[in-house]
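Here is a short report for a reader new to this structure. Look over the chain first, then read on.

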Amino acid sequence: MLRPMRVSPEPGNHAATAPPDAMPDAMPAAAGTCWGAARRHAAPVAALSLALVLLALPLRPAWAEVRVALVIGNAGYTDVPVLENPLNDARDIAAAFESLEFDVHLGEDLTQDQMRAHFAEFLEAAHHADVTAVYFAGHGLQAGARNYLVPTDATLTDPATFMDGVIPLDEWLVALEDTPGLKLIFLDACRDNPLGADGDMDGLARVGSAADFLFAFATNPDDVAYDGLGRNSFFAEAILSRIHTPGQDISELMIGVRRDVLSATGGRQIPWENSSLTRQFRFLPGEESVSPETMLWQVASRAQDPVLMHLYLERFPQGAHIADVQNFLQIGDGDVGSSVIRRLPGTADIEAERLWSLAQRTRMRPLAARYLDLFPHGANADDARRMLEALPAAADDAPVRQCERLATHPRDATANTSGVEFTTLARNAQAAVAACQAAVDAFPGVPHLVALLARAKAAAGAQDAAIALYRQASAAGDLRAMVSLGLLHEVGDGVPRDIDAAIRLYEQAAEAGSPDAAINLAVALFEGRGVERNVARAIDLFDQASAAGSAIATFNLGVLEDRGIAQTGQSALDLFLRAAREGEPNGYHAAATLLDEGRGVPRDPARAAGFLLRAVAADDGRALNELTRPETDWTVPTIRALQEQLRAAGHYTGAIDGATGPSLDDPLRAWRNGGFLMSAQN
């Protein structure tokens, strides 16, 4: 049967697991929850990916294509409002492009003549490139349905003079049409309209494109993008935090970027893209790798490194390996300077590369520092020093980062902030309230910080103050505040129980782009709770939330597809795999179920076994416990394939008999704790 989950009464709608038989099979789940693929045996657990080789953390591949990029950051305007972040954004994006083998043409605070000269030089190189990228950070506007980029010497004496001093974007695009490669255009340039009331509209206009263009705007057409609250804009930070993910197609990158910016801004800014690419493109070629969380645990475990263990606790307070890390720290010697990485025979270079890859993916300053501690003369030492210079130290990161780290809802997790459950927040409520109040005082015009303060106040027991703050943030357009108020009305927690008010809030937030609101509304429509039952619209809302990057929604669509309730045009297997790549580990276990049973797809024991091994590496231990019980409903061929893959990795010496039980315990624990890294050398 399906394994649904129920909604907890915590403001913001986090989920608590229901007993497997708590609800009927067809009951859908609310935001932050998931169903499970039906199978004969125990409730679904997390599992990950395709085959043994995919678990190896890849070293840097060799590129066969020629890549060139133009990166411009304009911030120091003479007659237009100065911007805070574009120079940082341009420098950091340029460094990321360089690390991905782009020949980068970087320009900072360019006048109109300088912008034209930089583009002409770049265009010549683009005629010989397979992939061409343009990133512009600064002021941009639309007038007469045309987009313009604003040089630093543009003047505001009158609109006509101003328009003579800007760069029409379409002139550059027409020139790029004659270049042979893919064209990737990133515009973090809609921060406001410098002409004010004299301009046509805020933001940038929609653009069409010839073949092989991808346009990525920092926000929806006609909307305004914002400078960030730290070193980078929200858009640049999201790109930087995801661009080094191995094997990630650019469409998946942009889904992650969109989800991160939406979450970080409470829905005030939602990136938009338009693509006519005729082939896939990956910034970092290679096979899909484990998640940053799993990678950090496995590198820390293999190195037996207390420093990395403490970093795991800080970065992933709700992580699947919390118990493993705490157990290590309790029984270890506590020497934070120790690490066995450099003492592993013949593997130091490989471990150094993996540690640096992890630092690039997560942009965690302490990881770059640890890399330099262990490998001061390593191949990436200069890059690590540049990262340390670019990223603020912890003392410089308060109070906004502290507020986000302590009070972010798990459903608002980004590549840089994992979020915390309400019970964890309650243990740190006073610190969260202090940090978030300081953040609100520093940035009083940011409603999402008000919503974070509301959640911290709720955890501290100040319910009336929390509700008032949620209402303030909701009125200012924060989507998490709307969903939180909707849930409070739905359950009658601190406010009168009012299903109609909850539905109105969900409708408003869903229309503005909130995936959680769309999921909650879909559940209500599926059940006919507070509204007339409408399964077709519920499925459309799940699809909307999935397109916005909600892994839970994608997973639920897979369940509906598997049960024949929805016809999405995608297989249940593909939906489960996409959900897993987007952060829902149950998707891989569900995929293994389909492949093990041959349900809707041909039976494939080897792939099913690969997914189960990823589960062992990535989840909280449930998959390992399931596979070490003598009684299981996994088929014998799948368990044989799992034993064979463990043997190939050097962890299993027993019989290939297809039997689960205690004989798999030690091999699976070795695999889970990073032992699979050795397989990359075999």
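Strand β6 and strand β7 (residues 146-149) are joined by 4 bridges and run antiparallel. Across this pairing, A143 stands opposite R146 in β7. Keep in mind that the model is predicted.

The strands belong to an open sheet of 3 strands, in the order β6-β7-β8, with antiparallel pairing. Strands β6 (140-143) and β8 (167-168) stand at the edges. Each has a single partner strand, so one side of each is left without a neighbour in the sheet.

## Aromatic rings

The structure holds 14 aromatic pairs. One of them joins F119 and F122: the ring centres are 6.0 Å apart and the planes meet at 55°, so the pair is tilted. Both residues sit in helix α3 (residues 112-126), 3 residues apart, and are separated by about one helical turn. F119 and F122 are both buried.

Y312 and F316 make another pair, with ring centres 5.5 Å apart and planes at 45°, so this pair is tilted. Y312 is buried, and F316 is buried too. Elsewhere, F97, F102, F186, F281 and F283 form one aromatic cluster. A charged residue also meets a ring: R533 lies over the face of F526, at 5.3 Å from the ring centre.

## Helix α27

Helix α27 covers residues 605-618, which makes 14 residues. From its first C-alpha to its last, α27 reaches 20 Å, close to the 20 Å expected at 1.5 Å a residue.

The buried residues of α27 include A608, G610, F611, L612, R614 and V616.

## Nonpolar cores

In soluble globular proteins, nonpolar side chains tend to be buried together. Here the largest nonpolar core has 64 residues. Within this core, L449, I519, F542 and L560 touch the most other members.

A second, separate core has 36 residues. Among them are L577, A591, V616 and L642. V616 is also one of the buried residues of α27.

## Salt bridges

A search of the whole structure finds 28 salt bridges. One of them joins the side chains of R480 and D516, at 2.8 Å from N to O. This pair links distant parts of the chain: R480 is in helix α20 (residues 479-491) and D516 is in helix α22 (residues 515-527), 36 residues apart. R480 counts as buried, at 9% relative accessibility. D516 also counts as buried, at 5% relative accessibility.

R529 forms a salt bridge with E490, and their closest N and O atoms are 2.6 Å apart. R529 lies in the loop between α22 and α23 (535-547), and E490 lies in helix α20, so the pair ties together parts that are 39 residues apart in sequence. R529 counts as partly exposed, at 28% relative accessibility. E490 counts as buried, at 16%.

The side chains of R672 and D619 meet in a salt bridge, at 3.7 Å from N to O. R672 lies in helix α30 (residues 665-672) and D619 in the loop between α27 and α28 (622-627), so the pair ties together parts that are 53 residues apart in sequence. R672 is buried, and D619 is buried too.

One set of residues forms a network: E65, R67 and R279 are linked by salt bridges.

## Positive phi angles

Which loop holds E101? E101 lies in the loop between α2 (86-99) and β4 (102-108). Its phi is positive, at about 70°, although E101 is not a glycine. E101 counts as partly exposed, at 41% relative accessibility.

R363 is found in the loop between α11 (348-362) and α12 (365-374). The phi of R363 is near 55°, a positive value in a residue other than glycine. R363 is buried, with a relative accessible area of 17%.

Notes:
Residues are numbered from 1 along each chain as its sequence is written. This is a predicted model: local features need pLDDT of at least 70, side-chain atom pairs count only at pLDDT 80 or more; totals for chains, interfaces and linings use all residues. Side-chain values use heavy atoms; hydrogens and water are left out. Two strands pair if DSSP finds at least two bridges between them. Helices (H or I, at least four residues) and strands (E, at least two) are DSSP runs, numbered from the N terminus. Rings of Phe, Tyr and Trp (its six-membered ring) pair if their centres lie within 6.5 Å; planes under 30 degrees apart count as stacked, over 60 as edge-to-face and the rest as tilted. Buried means under 20% relative accessible area, exposed over 50%, partly exposed in between (1.4 Å probe, protein chains only). A charge sits over a ring if NZ of Lys or CZ of Arg is within 6 Å of the ring centre and within 35 degrees of the ring normal. The expected span of a helix is 1.5 Å times one less than its number of residues. A nonpolar core is a set of buried Ala, Val, Leu, Ile, Met, Phe, Trp, Tyr and Cys residues joined through side-chain atoms within 4.5 Å. A salt bridge is a side-chain nitrogen of Lys or Arg within 4 Å of a carboxyl oxygen of Asp or Glu.
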